[in-house]
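Please look over the sequence and the model shown here before reading the report that follows.

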Amino acid sequence: LEVERRALSPGDPSRVLRSLAFDLYARARAADLPDSFPSPTARWTTESAPKVAQCFHAAAVLLDGLCQFRPLTEDELAAQQAAHTRSQALSAQLSRVLRCNHLVPQDWSPLAQSRLPQLAQPT
């Protein structure tokens, strides 16, 4: 039973958030077509691109959630910035091409690391 309990327990929340964020980021990058411009007649534009934009956004938000535990590392900051930038760009392109609302919140942006309070280190 203990083995099953450990397998089902979420573990360290920051590690779980990081793992999920990077999994979503990797999936979005694998499904993205950054060199092509969305077209309303393209199947990717109508079926996959909206999910890709939302997946990039979710990755950026999850990485932002890590800030409640610790400052982000350089690779986390880079992934967050790339995911946020791509989600905003793809959402704007799709909104224009498909004449629909933005697929991700346009007013959301990652919390600036310089504005984070210094986390107290356990003694």
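## How to read a crossing

A crossing of two helices is called left-handed if the near helix is turned anticlockwise from the far one by less than a right angle, and right-handed if it is turned clockwise. Two packed helices are described by the angle between their axes and the distance between the axes. The model discussed here is a predicted one.

## Helices H2 and H3

Helix H2 covers residues 13–31 and helix H3 covers residues 43–65, and their axes come within 8 Å of each other while crossing at roughly 155 degrees. Since angles over 145 degrees count as roughly antiparallel, H2 and H3 are therefore roughly antiparallel to each other. Their crossing is left-handed.

On the side of H2, the residues that meet H3 include Leu-17, Leu-20, Phe-22, Leu-24 and Tyr-25, while on the side of H3 the residues taking part include Trp-44, Val-52, Phe-56, Leu-62 and Leu-63. Sorted by class, the contact of H2 with H3 has 16 nonpolar residues, one polar residue and one charged residue.

Tyr-25 lies in helix H2 and Phe-56 lies in helix H3, so the pair ties together parts that are 31 residues apart in sequence. Both Tyr-25 and Phe-56 are buried.

## Helices H2 and H4

Helix H4, which covers residues 74–98, packs with H2 at an angle of about 45 degrees, and the axes of these two helices are 11 Å apart. That angle makes H2 oblique to H4, and H2 passes H4 in a left-handed crossing.

From H2, the contact is made by Arg-18, Phe-22 and Tyr-25, and from H4 it is made by Asp-75, Glu-76, Ala-79, Ala-82 and Ala-83. By class, the contact of H2 with H4 has five nonpolar residues, no polar residues and three charged residues.

Leaving aside neighbours within four places in sequence, Gln-93 is in contact with Phe-37, Pro-38 and Arg-86.

Key: Residues are numbered from 1 along each chain as its sequence is written. This is a predicted model: local features need pLDDT of at least 70, side-chain atom pairs count only at pLDDT 80 or more; totals for chains, interfaces and linings use all residues. Side-chain values use heavy atoms; hydrogens and water are left out. Axes are lines fitted to C-alpha atoms, for helices over the stretch in contact, and angles run from 0 to 180 degrees between N-to-C directions. Helices (H or I, at least four residues) and strands (E, at least two) are DSSP runs, numbered from the N terminus. Angles under 35 degrees count as roughly parallel, over 145 as roughly antiparallel, 65 to 115 as roughly perpendicular and the rest as oblique. Contact means heavy atoms within 4.5 Å. Ala, Val, Leu, Ile, Met, Phe, Trp, Tyr, Cys and Pro count as nonpolar, Asp, Glu, Lys and Arg as charged, and the others, Gly among them, as polar. Buried means under 20% relative accessible area, exposed over 50%, partly exposed in between (1.4 Å probe, protein chains only).
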